[in-house]
2 protein chains.
Amino acid sequence: MAAEPTFNRVTLEQLLGKRFFYAPAFSLYGGVAGLYDYGPPGCALQANVLEVWRKHFVLEEDMLEVDCSIMTPSEVLKTSGHVDRFSDWMCKDLKTGEIFRADHLVENVLEARLEGDKIARNTPVEITADKDERKRRKAAKVAAVRLDDATVQTYKETLAQIDNYSGPELGELMRTFGIKSPETGNDISEPVVFNLMFASSIGPTGQFPGFLRPETAQGQFLNFKRLLEFNNDRMPFASAQIGRSFRNEISPREGLLRVREFTMAEIEHYVDPTKKDHSRFHEVASYKLKILPASVQLQGKTELLEIAVGEAVEKQMIDNQTLGYFLVRIHIFLTKIGINPDRVRFRQHMKNEMAHYACDCWDAEIHTSYGWKECVGCADRSAYDLTVHSNRTGEKLVVRERLPEPLVEEKLQLEINKRVFGPRFKKDAKAVEDHLTSLDQSALEQLKKLHDEIGTFSVSVNDQSFDITKDLISSFERGSITTHVREYTPNVIEPSFGIGRILYCLMEHVYWVRPEGEQRGVLSFPPVVAPTKCLLVPLSTNDVFVPVLNKVSAQLRRNGVSSKIDDSGASIGRRYARNDELGTPFGITVDFQSAQDNTITLRERDSTKQIREKIEVIVELVKEMCEGKTTWAEVSAKYPAFVSQEIAG
Amino acid sequence: MAAEPTFNRVTLEQLLGKRFFYAPAFSLYGGVAGLYDYGPPGCALQANVLEVWRKHFVLEEDMLEVDCSIMTPSEVLKTSGHVDRFSDWMCKDLKTGEIFRADHLVENVLEARLEGDKIARNTPVEITADKDERKRRKAAKVAAVRLDDATVQTYKETLAQIDNYSGPELGELMRTFGIKSPETGNDISEPVVFNLMFASSIGPTGQFPGFLRPETAQGQFLNFKRLLEFNNDRMPFASAQIGRSFRNEISPREGLLRVREFTMAEIEHYVDPTKKDHSRFHEVASYKLKILPASVQLQGKTELLEIAVGEAVEKQMIDNQTLGYFLVRIHIFLTKIGINPDRVRFRQHMKNEMAHYACDCWDAEIHTSYGWKECVGCADRSAYDLTVHSNRTGEKLVVRERLPEPLVEEKLQLEINKRVFGPRFKKDAKAVEDHLTSLDQSALEQLKKLHDEIGTFSVSVNDQSFDITKDLISSFERGSITTHVREYTPNVIEPSFGIGRILYCLMEHVYWVRPEGEQRGVLSFPPVVAPTKCLLVPLSTNDVFVPVLNKVSAQLRRNGVSSKIDDSGASIGRRYARNDELGTPFGITVDFQSAQDNTITLRERDSTKQIREKIEVIVELVKEMCEGKTTWAEVSAKYPAFVSQEIAG
């Protein structure tokens, strides 16, 4: 999928900077790669997107929202596997010490070589006005060197599964393809592991190590018991959390797409592992998604398959209904906030790229001028997290479910003879008894054999061996056991949203340039997420407009519509141009006629068309358009267009 | 001010834990002092309080909200003074190594001695059911030892200004009063400084030190230029930020009141230092506040003064209108969310307790069972932060204001003779010239004297001395300079809210126990902040209620009222009791009659009184009460009370 032909990243970035959607943090101090601040419009856009997220997911499905600690003791993340395995591969320029992320280095060099090949073959290379991209090409030393066809094929296949290589494999690729440090041509070290968590220590003694959480999920898992109880022990259910997480990226790049600190929104949906169907799946079964299964990528291909999610689950391309249900809900959410639905695909992870906790994962990837970018992960974490925390802490993290009918099973049971047992083992008696009663059926079967054949067996408890002779046992027979409760560790389906990435993709998708006149930029945010919904513009700074302005502003506020008054001296055209850049969907002009007849004009951002009606009518229309109850197309079909010379330009 | 007589902290904390308002974080792993997780009701309460905050401050005054980086390079916090001065004094038990915050240790020991004295004098000591408090007393070894009157007086005066002592002074107090380690009786070390910031490092080389921000303010200051421009260069204006901050407290205690990670809401209001009046001050001038000025505390007293803010500003007890305006706005905000206005006071900081950046500070303190607790700080940071960042980075952080009339001043001016200057100083010429043109009037006056009398003077630039002889100067005379623009560094008034502390105080203030029956706890949150607004209760699990429930629920949602259905099998009384604990203000019961005649009963939490009306009427009433447009008192006066046997209990 090619970038939109009219898209120019340089002018978009200029606009976003000028209107302070976001900016590099600490730029007074030279900045820090991967850290950004959101200015007023970016902050409002983020708040509105999160509000839609909360309504679409949390309220719609009665999820339990929590707000947990960011600072996390290292023991928790040791258990969860993050201390050992939450890492990337990095390598060094052996002379300058410059550091690269190994997979990015291979990717950049191979892409540059393919581009050089295109030039050499005289194929038109995509020309780009993008400064970063040009710099990257220069840095990657794009040289017009022709490659043979087999090499081109090998490079392409390697790139298609670039996320699937381990560190040693990346090292091997570097040797095979003769990859050097792009700027210097120096040799590169073997890839080594770099943990991506920010470390700190808690408390005044400095002896209590901690990390900033790399995901919001762990806080939710650790509260599983409380949440299940809060939900009156009902299953399935989901918890959710919106909050900041941190990853100490090796080489942050591509603006908001790869940063060191970011807002996430994560859902942990707990299901019975034997019932991964979903009660609302029928609502989404016919919804079509573009998918890219792992099997296709492993063939070195990237062709998308468009398929109804019902069919994909039936054919086992998507593992289960719950996963399928969430993929559709994610797609609807992204569409609702203004992402172009044609530029969203769902890509399944290959085995090596999967996070250590996941047994299956589908990413919602959004297409941008940087290519396809992972913005939402939807992982099946199975029972991994609850199991490891339970094993480590000894706290049961399970669901206990009353069986509809008691379950009767034939089981081997061992009963000790307490009269002899206590005096024989004294202080160890309790521990040995606990050990014997905790044994599973297969262990009991083996001991039973020894018991019957030799008359004795031994067990090891706390590194000590104890002989269990016949006199210690009062019965060791098969009997029927009735169970009323089923106990299980739930599986977790986790949709996880990188909010900053989504915001950036959104800004790319809604950006365009008005071809007329001065080529003014427009951000066509849907009203529901637009930072400001309505601009109020008095014709001039004349005091006569103030009462009308105040009236309109109060009525809008009463109807829950955020508005801003721009009573600066600039021309109306200039004031509207500024608000096109801010993505404000509606503009209301107050002129001399307004003060007389209570009418105002309403301008719609994308069409720049206007209508003129009584204040009350306009306010109601704006409200309904902001709530998605009607659209400008419907409104402009119903009300006559208004043309005013004053506002043109 | 004594704790509310009926208040019992133990039962409140049980309730908050049971209903998962909040809980110690990582409790599966033994927990970490000062880190808490908010469960669903706590999370919703926090979101609602922040929403009120945003409306009350940000929207009401068109503040510019931003969202900045938490991870902060150490150079920024070095400049802001936090690396050197954001610290507490700690001391150690010399034998066990136990660590204390020095001021807390002195405070606890003296308070314990005063309590012991009361017992000895047979004055009834306030009896407490509070476990923590009993533990503290025990730990502090409250012994019935009678003190002489002079000692009692000294202790009281010391406690009244406990926040005003430096580390060495605290050490002196420990020696004077013979303070030892409370548990062991061991000697205590001299207080040493402990920096309260969490340290980390950024990037893969580990050579780039950073801290987690201890306040959200610095991010706002660093964006000052962008924000001023965004505001079309208009003054005064304010930025605002809601976000997480971190302080590595020496000894976190008192639950949510002293934690290591917390959500803040901060406003930086920029004013012209020569005009600290406020355009809306007249709206609040007659509003009365209870204040405790620094001068009173320094006399060892704590009596409050109730005074209209207009009078307090006039009498210079409160420095300026802007500060006074915000104190009132803070008080109104706290009242709006349910804090008891009688239990709020404004205490001025004494000189030693003031943060290093502040020149004046008033804390809004809220009274709790732990005593008066600082929940909102309102500091005048003067031009401190903008000045230090500007000096360090060389970036001007100023306001440039067009003067209404040009200002003409007689000034000494030095003009160099470029023809001679360049060849003489070569590569240094530019630096020397810059130095000469940057000199202020008094420096010029001195040089002029040397120039006129000796014919030469020397200046030092980059550690090198340069002789400025007469031939280098083409003119050095007095002349009139016309200025069109005034340039100044704005002052900052900063209201800063600790959200977690406010939430805890709120929960204390709205908690009470229904005296009837089983002594059930109630949290009387105002509807606007209640985690859930309305509970929907079908009489039983009978399917006949489902259509009515869905109808009511949909109508409430359409009106923006959050509701929960409780269709568990528990009795209606038990379901209401659960929701009293959750602070749900309204309950709607659907019974057999509802299915027939479209009427439902509405129960109000605090009175437990009910009315019965058509669905549409009830939904409208609930909506209006949630929006604060009417009250239950008005509603229950207008509609007849409904008594139903089913719901009693």
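**Labels and their rules**

Guide: Over all chains, the count comes to 108 salt bridges by the rule used here. The model is predicted, so local features need pLDDT of at least 70 and side-chain atom pairs pLDDT 80 or more, while totals for chains, interfaces and linings use all residues. Residues are numbered from 1 along each chain as its sequence is written, chains are lettered from A and ligands numbered from 1 in the order written, and side-chain values use heavy atoms, without hydrogens and water.

Visitor: Why is the pair Asp163(B) and Arg347(B) called a salt bridge?

Guide: The rule asks for a side-chain nitrogen of Lys or Arg within 4 Å of a carboxyl oxygen of Asp or Glu. Here the closest N and O atoms are 3.4 Å apart. Therefore the pair qualifies.

Visitor: What does the pair of Asp163(B) and Arg347(B) tie together?

Guide: Asp163(B) sits in the loop between helices H7 (149–160) and H8 (167–176) of chain B, and Arg347(B) in strand S14 (residues 344–348), so parts 184 residues apart in sequence are tied together. Helices (H or I, at least four residues) and strands (E, at least two) are DSSP runs, numbered from the N terminus.

Visitor: How do you know that strand S5 and S6 of chain B pair?

Guide: Pairing takes at least two bridges found by DSSP. Three bridges join S5 (residues 87–92) of chain B to S6(B), so the two strands pair. They run antiparallel. Cys91(B) stands opposite Phe100(B) in S6(B).

Visitor: What makes S6 and S7 of chain B edge strands?

Guide: The open sheet has the order S6-S5-S7 (chain B). S6 (99–101) and S7 (192–195) of chain B each have a single partner strand, so one side of each lacks a neighbour in the sheet.

Visitor: How many residues of chain B are in contact with chain A?

Guide: Contact means heavy atoms within 4.5 Å. In chain B, 71 residues are in contact with 71 residues of chain A.

Visitor: What makes Arg244(B) and Asp67(A) a salt bridge?

Guide: Their side chains meet at 2.5 Å, N to O. Between chain B and chain A the count is six salt bridges.
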